[in-house]
Amino acid sequence: MEARDKKYTLITGASAGLGKAIAKECALRGQNLILASLPHEGLHLFGQALEKKHNVEVHCYETDLTHPEEPYRLARWVKQNFPLNILINNAGVGSAMPIDNAAPAYIDNILQLNIRVLSLLTCLLIPELKKHRRSHILNVGSLAAFGPIPFKTVYPASKAFVNAFSHCLRSELRGSPVRVTVLNPGAMLTNSDVTARNSRQGWLQRQLTLSPEAAARYAVDGMLRGKRSIIPGLLCKLSYWLMRLTPNVIQSFLLARVFQKEVPAQQSSKPADIEPASGEKLIQLHKN
Ligand SMILES: NC(=O)c1ccc[n+]([C@@H]2O[C@H](COP(=O)([O-])OP(=O)(O)OC[C@H]3O[C@@H](n4cnc5c(N)ncnc54)[C@H](OP(=O)(O)O)[C@@H]3O)[C@@H](O)[C@H]2O)c1
């Protein structure tokens, strides 16, 4: 079968964590994949393993998507080579950092990846998605989108953007073949930063964690069923409703107590001067 007769799913941030789990879930359902992540020798090996195990086609695209031209390059490459019917905007970063201690580069990276890259890829690839009888966009937000979370500040605000953007987009695309779904998971132990932060939390907060594999299953099932929004897991749904029903001022007070615990003693990413940090340095700073 020619590539033009097949359909493909693009997943950003597919080399690790939730993105990797979503890629496995999609391959299991026979979807051909385009996996994008930072340059990473593991990405190709992962792609090859999926091809072998699930008899699907996997293409890898390694890049730092926060470079200004990269979302355009990726979208162009996809348009020229693959009929795309699913776009999964998963790549995202954020950590716990008092804004006083945060380097501008830390803030910049969150804004670039969580907001700019997601919005541009969506905008550039909608014409491709519209060429099919049924297509999907899955945007990965966070439970953090629903509360003012002191000591994370920019991250929850960026995820509130993802949530609002996805709901608006879904309404705009009503009547078109494209269904938009937003996934807002709670904590998942995907990388060393999340794991370290989670270990500083109390018992109750630790119970809210979900495995990336379980979250991926909820996500892909819900997306293919055309759901508007997905909050995986009963405890996360409960937290969502608690956040909705609690006034902001009380939430900020309570959440500050919870999330201050995630900030390690004397953590700072602020440089002595205000020069932008290099891309390399940025990536080190922002493991989710
Ligand atoms: N983990 C949680 O507790 C949690 C909770 C709620 C929501 N989320 C959301 O879930 C999504 C995935 O999070 P995760 O915890 O699975 O993340 P992760 O384990 O840190 O993986 C992030 C993925 O994004 C890629 N990536 C990072 N910066 C990139 C860049 N500049 N250009 C291209 N690719 C880049 C990474 O590539 P490399 O592997 O090459 O570094 C990796 O594939 C994010 O949107 C996050 O906000 C996470």
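Here is a short chat about the predicted model shown above.

Reader: Before we start, what kind of model is this, and how are residues numbered?
Author: This is a predicted model: local features need pLDDT of at least 70, side-chain atom pairs count only at pLDDT 80 or more, and totals for chains, interfaces and linings use all residues. Residues are numbered from 1 along each chain as its sequence is written.

Reader: How many helices and strands are there in the chain?
Author: Helices (H or I, at least four residues) and strands (E, at least two) are DSSP runs, numbered from the N terminus. Going by that, the chain has eleven helices and seven strands.

Reader: What radius of gyration does the chain have, and what would a compact globule have?
Author: The radius of gyration is taken over C-alpha atoms, and the globule rule is 2.2 Å times the number of residues to the power 0.38. With 288 residues, that puts a compact globule near 19 Å, which agrees with the chain's own 19 Å.

Reader: In what order do the strands of the sheet lie?
Author: Two strands pair if DSSP finds at least two bridges between them. The sheet is open, has seven strands and pairs in parallel, with the order 3-2-1-4-5-6-7.

Reader: Is strand 2 enclosed or open to the outside, and why?
Author: A residue is buried if 20 or more other C-beta atoms lie within 10 Å of its own, exposed if 12 or fewer, and partly exposed in between, with C-beta atoms placed from the backbone. In a regular strand the side chains alternate between the two faces of the sheet. In strand 2, Asn32, Ile34 and Ala36 are buried on one side, and Leu33, Leu35 and Ser37 are buried on the other. Six of the six residues of strand 2 (residues 32–37) are buried, so the strand is largely enclosed.

Reader: Which residue in strand 2 is the bridge partner of Ile11?
Author: Strand 1 (residues 8–12) runs parallel to strand 2, and five bridges pair them. The bridge partner of Ile11 is Leu35.

Reader: What handedness does the β-α-β unit of strand 1, helix 1 and strand 2 have?
Author: A crossover is right-handed if, with the strands pointing away from the viewer, the path from the first strand over the helix to the second runs clockwise. The unit made by strand 1, helix 1 and strand 2 is right-handed.

Reader: Through which helix does the chain cross from strand 5 to strand 6?
Author: Strand 5 and strand 6 run parallel and are joined by six bridges, with Val140 opposite Leu183. The β-α-β crossover between them is right-handed and goes through helix 5.

Reader: Is Asn55 buried or exposed?
Author: Asn55 sits in the loop between helix 2 and strand 3. Its phi is near 55 degrees, a positive value in a residue other than glycine. Because Asn55 has 9 C-beta neighbours inside 10 Å, it counts as exposed.

Reader: Which residues is Ala256 in contact with, leaving aside neighbours within four places in sequence?
Author: Ala256 belongs to helix 10 (residues 248–260), and with 13 C-beta neighbours inside 10 Å it counts as partly exposed. Two residues are in contact if their C-beta atoms, placed from the backbone, lie within 7 Å. Leaving those neighbours aside, the contacts of Ala256 are Pro150 and Phe151.

Reader: Where is Phe151, then?
Author: The phi of Phe151 is near 75 degrees, a positive value in a residue other than glycine. With 19 C-beta neighbours inside 10 Å, Phe151 counts as partly exposed. Its place is the loop between strand 5 (135–140) and helix 5 (154–172).

Reader: Which residues come nearest to the ligand?
Author: A residue is near a molecule or strand if its C-beta atom, placed from the backbone, lies within 6 Å of it. Helix 1 (residues 17–28) gives the largest share of the shell around the ligand, three residues. Of the 29 residues around the ligand, the nearest are Gly13, Gly17, Leu38, Gly92 and Thr190.
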